[in-house]
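Let us walk through this structure together, one feature at a time. Please keep the model open beside the text as you read.

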Amino acid sequence: MRRNRKAKIVATLGPASGDLETISALFEAGVDMFRFNFSHGSHEDHRARHEIVRSLETKYGRPVAILCDLQGPKIRLGTFNGDSAVLTEGSQFVLDRDQTPGDATRVYLPHPELFAVVKAGQNLLFDDGKIRVSIESNSGDRIVTRVTTGGKISNRKGVNVPDAILPIPAMTPKDLVDLEFALSLGVDWVALSFVQQVSDIEDARKIIGDRALIQSKIEKPAAMLDIDAICKASDSVMVARGDLGVELPISQVPRAQKEIIRVSRKYGRPTIVATHMLESMTESPMPTRAEASDVANAIYEGADAVMLSAESASGKNPVRAVQMMDSIIKEVENDPVYRTLLDAQQVAPRPTPEDAICNALRDTTAAIKAVATVTYTKSGSTSMSAARVRPTTSILSITPELKTARRLAWVWGIHSIVGGQDVKSVDDMVSEAVAAAVHEGFATKGDYIAISAGLPFGESGTTNLLHIATVK
């Protein structure tokens, strides 16, 4: 089950892809990490899917990553008489604390935290940005706005606040319950929705500890204002273009995507580009040309992975969508321009022994035309550092920890296996690395492999060794 590509595929599971047959087909088609979206489905739904995914590891002998995506804080309007109203451009519209059903002139807003921070001159967006209003005044219990983009609005539609940092935690009471359940299952990554500032990540880290790694979803302008610090504090990052494209002017989203990927590479944090990648395949067996180009551009930009949402969760063609993504990635990676762009995007090494070794590893594999880069890692840090420099070869990551092998399964270029428990010397290390490279289909007699590890063996954070071996 070795992938013949370096960028990875993430697929969301849902009603269209919750059974053993479909999940197996998705994995065989190329999925490297499965996303469990806790905005939908019951805990029992997620438990059943978790058991199926873990059974695939036994069947195929491959670690598989699981991402728990928390819903995050959702701000919603109250209800309307007749369940809806039509807001006219230029008309006044008030948000207040009166719980009676609203109309075309006012509606209840059940979020006191909003009244505490928004002010005149800022904008509010309703229903994923379809309706926009500009705030004229805020008395503390009555926000007066002017409709700038009108339309029909119905009960409990979402509210986006692009111009303010809201004094609310990244995790709601529902998220805390979902998080504990997901951690009890043993998920590998936890995605935090609507991250606004570093403290959101720090608060989550206190709860999660080392039970899972944290992925920050960048979907608010406030996060873009502090993107360096947020990327540095996270274990990985998702370019969540759905809400990001609502709160930012749509013309700025491509630029924001490039900036997030660039900063994430700087700190060695793997990135996922998500939302609307092959959206038309929710209904159609083929994507649009623009969607194919969108997936390709994310790969050219250096993203670690691209993600399917509704396409695989509720669409008519989940397996076809994965096959299409797999095909697009392979075409990009076979383009000589792709390597040129990766080299041009190369980031400077950080002042650590690990980065020094991994940068030397990249240059060495290119110079001797090695067929594989082998990394020994306990925590996963060495393998991620190797992926950060984007070597010309695949990265055969050997770890004694199954949880580490799972966490690395979706990171660029990494082929993750469990091993190294009996390595006690350099000779042991070389023998196992060569055997693994041959067994996993990377090397044959006469090939070179480049190996990085740490002495003493088995200790995290000790990467200090670079070794070249020949397959005998």
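There are zero disulfides in this structure, where a disulfide is a pair of cysteine sulfur atoms within 2.5 Å. Cys358 is in no disulfide, and the nearest cysteine sulfur, belonging to Cys231, is 20 Å away. Cys358 has 1% relative accessibility and therefore counts as buried; the term means under 20% relative accessible area, while exposed means over 50% and partly exposed lies in between, using a 1.4 Å probe and protein chains only. Cys68 counts as buried too, because its relative accessibility is 0%.

Before going further, please note that this is a predicted model, in which local features need pLDDT of at least 70, side-chain atom pairs count only at pLDDT 80 or more, and totals for chains, interfaces and linings use all residues. Residues are numbered from 1 along each chain as its sequence is written, and side-chain values use heavy atoms, with hydrogens and water left out.

An unreviewed UniProt entry gives "domain: Pyruvate kinase barrel" for residues 5-322; UniProt positions follow the numbering used here, feature names are shortened, and annotations may be inferred rather than shown by experiment. That span is 35% helix and 24% strand, and its end C-alpha atoms lie 14 Å apart. Helices (H or I, at least four residues) and strands (E, at least two) are DSSP runs, numbered from the N terminus. For residues 355-468, UniProt lists "domain: Pyruvate kinase C-terminal", again from an unreviewed entry. Here the chain is 37% helix and 25% strand, with 18 Å between the end C-alpha atoms.

Now for the aromatic rings. Rings of Phe, Tyr and Trp (its six-membered ring) pair if their centres lie within 6.5 Å; planes under 30 degrees apart count as stacked, over 60 as edge-to-face and the rest as tilted. By this rule there are five aromatic pairs. One of them joins Phe27 and Tyr60, whose ring centres are 5.1 Å apart and whose planes are at 50°, so the pair is tilted. Phe27 sits in helix 1 (residues 20-29) and Tyr60 in helix 2 (residues 43-60), so the pair ties together parts that are 33 residues apart in sequence. Phe27 is buried at 4% relative accessibility, and Tyr60 is buried at 17%. The rings of Phe93 and Phe126 have centres 6.2 Å apart and planes at 65°, so this pair is edge-to-face. Both Phe93 and Phe126 are buried.

On a 1 Å grid over the protein atoms alone, a cavity is a set of points where a 1.4 Å probe fits but cannot get out, and lining residues have an atom within 4 Å of a point. The largest cavity has a volume of about 190 Å³, a volume being the space filled by probe spheres set on the points, which are joined across faces, edges and corners. It has 17 lining residues, and the closest to its centre are Arg3, Asp32, Arg62, Ile414 and His415. Strand 19 (residues 414-418) supplies the largest share of this lining, three residues.

The second largest cavity holds about 70 Å³ of space. Its lining includes Ser264, Asp304 and Val411. Helix 15 gives the most to that lining, with three residues.

Note on methods
On a 1 Å grid over the protein atoms alone, a cavity is a set of points where a 1.4 Å probe fits but cannot get out, and a pocket is an open set with protein on both sides within 12 Å along at least five of seven lines; lining residues have an atom within 4 Å of a point.
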